[in-house]
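User: I would like to learn how to read a protein model. Can we go through it feature by feature?

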Amino acid sequence: MPDVSNDKATNIIYTGVAGTGKTYRLLQIAKDYTDYLPRANDEDLLKQLLQELSWRDVVCLIFLDFQSQKQDLVKVPEIVNHEFFIAKALQNAREKNLSNTAWSVLQMHSPTSSQTVGYKNRASQAYFDKDPSGAWYLLPDSLMLLSELSEQLSEFQQAQRDNSASQNQRFSQQRFSMVSFHQAYGYEEFVEGIRPVMAASNQSNNSSSQMSYAITDGAFLKLCQRAANNPQQRYAMLIDEINRANVSRVFGELLSLIEPDKRAGTPNAMTVSLAYSGRAFSVPANVDIYATMNIQDHSLAPLDMALRRRFRFINCPPQPELLPTVHLNKGSEVTDEAESINLAKVLTGLNHRISQTLGIEAQLGHAFLFSVQSLEELQTALVEQIIPQLAQAAGGQVAVLQYIFKDEQQLMPAQFIHDSQTLMNNETFNQMASQNTIATQNSMFAGQQSYFAQSMHAGSYTINTDLIAKSGEFIKPAIYQRLYL
């Protein structure tokens, strides 16, 4: 588990074959970046809500709070007298010129096209505008940008309701963000991008929707902003399946910034201008990055080289020692080893032969058998998960599969894997034996031989139908014990 108290940024990728608990590790790491606190009073809840927020965020939060009460238009005195504004001023030890602060935030984040606000030093992103009566309102286009604030407000309001119901409960504060990469995942979702925003329009009393576009922060940028506002705490970006996306495209110019010695505040700190907004940005030193990578994907070599010096790689091997033993004679007080299937030995034996034939990158993780508690569950895992995966890794080569399952010296009823061609041969000869004339037999045999010659290299396999039906030899523990190393 990570040392969250460490001041140096941590970049780690957990690698391994499928089923070795890499994603489970991320979930455990998330707990180290979660604060479980006693149910606080309203004053503490306010402090926790506002401590990481800028004045702009606080004003946005006030508008969202009024909107939750069905009030869209807000005047400056209402903002200054709101409990959020008062609490933020107390946190910042501010007593004077509070109205000026509110006016400055509102005007700075108004649109250049505003007909009621004249202000020179506007920010790049507009959030507010003013109507002719002097009341301010949130721009519809900004609502998508405030989704995280809306969630925080909802959690705060729920916490207030729960607070009166129980003082002994605990609530959590998450200092992490978790995403799962996939082929379509890009820079726009991770860093920032231009996203469509639907805004309501009531022109001529006809309700309609208008689409506009706004620069929206991605998951990593949002986390970095939270971390920058709270430098005393560590934050974590958790990435599952980092190899499934084009990492260079997802990180963009941030690929250099995530190096620990390039973080904000370090001697070699780097700052870049973000691609869409043009904002100057550097990655805070209190942001850690953890990811998982499946080494069974053979397209990972270039990715591995690009990330090698930016991340520490930690191998997650299969852990057969975590697996249970399945006892078939559960009613007996004395455990009979002959009536038991040691799943740790099954996995160890399979992986030994898999490594010999397909390489260590084709090994099975312990998760394939982790939940198996009965013979029926073992049979299902073999038929539906293990054999199909190994068949894909082996390219359907029957000889390789039969070696892995120790089928070569076994009679067909006791083989896990059957050669489809052998089965067809047997069916052919059975069919031939039932024919009345030698001529018919020769004709059929010649046709089948021609077919076999054409399909000799197809590498087709068949799972023993008795294993699928959970019958025959496959109800006996000895057939699984032979898989031991």
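User: Which residues have the most contacts inside the largest nonpolar core?

Analyst: Start with the ground rules. This is a predicted model, where local features need pLDDT of at least 70, side-chain atom pairs count only at pLDDT 80 or more, and totals for chains, interfaces and linings use all residues. Residues are numbered from 1 along each chain as its sequence is written, and side-chain values use heavy atoms, with hydrogens and water left out.

Now the general idea. In soluble globular proteins, nonpolar side chains tend to be buried together. A nonpolar core is a set of buried Ala, Val, Leu, Ile, Met, Phe, Trp, Tyr and Cys residues joined through side-chain atoms within 4.5 Å. Buried means under 20% relative accessible area, exposed over 50%, and partly exposed in between (1.4 Å probe, protein chains only). Here the largest core has 38 residues, and Ile-341, Phe-405, Phe-416 and Tyr-480 have the most contacts inside it.

User: Which helix gives the most to this core?

Analyst: Helices (H or I, at least four residues) and strands (E, at least two) are DSSP runs, numbered from the N terminus. Helix 14 gives the most, with 9 residues. Helix 13 (343-357), helix 14 (375-393), helix 15 (398-404) and helix 19 (478-481) each supply at least two.

User: How many helices and strands does the protein chain have, and what share of its residues is buried?

Analyst: The chain has 19 helices and 17 strands. Of its 485 residues, 45% count as buried.

User: At what angle do helix 2 and helix 5 cross?

Analyst: Axes are lines fitted to C-alpha atoms, for helices over the stretch in contact, and angles run from 0 to 180 degrees between N-to-C directions. The axes of helix 2 (residues 42-50) and helix 5 (residues 83-91) cross at roughly 75° and come within 10 Å. So helix 2 is roughly perpendicular to helix 5 (under 35 degrees is roughly parallel, over 145 roughly antiparallel, 65 to 115 roughly perpendicular, the rest oblique). Helix 2 brings Leu-46, Lys-47, Leu-49 and Leu-50 to the contact, and helix 5 brings Glu-83, Phe-84, Ala-87, Lys-88 and Gln-91.

User: Is Ser-150 buried or partly exposed?

Analyst: Ser-150 is partly exposed, because its relative accessible area is 28%. Ser-150 sits in helix 7 (residues 147-165). Ser-150 and Ser-68 are 82 residues apart in sequence, and their C-alpha atoms are 9.8 Å apart in space.

Terms used: Contact means heavy atoms within 4.5 Å.
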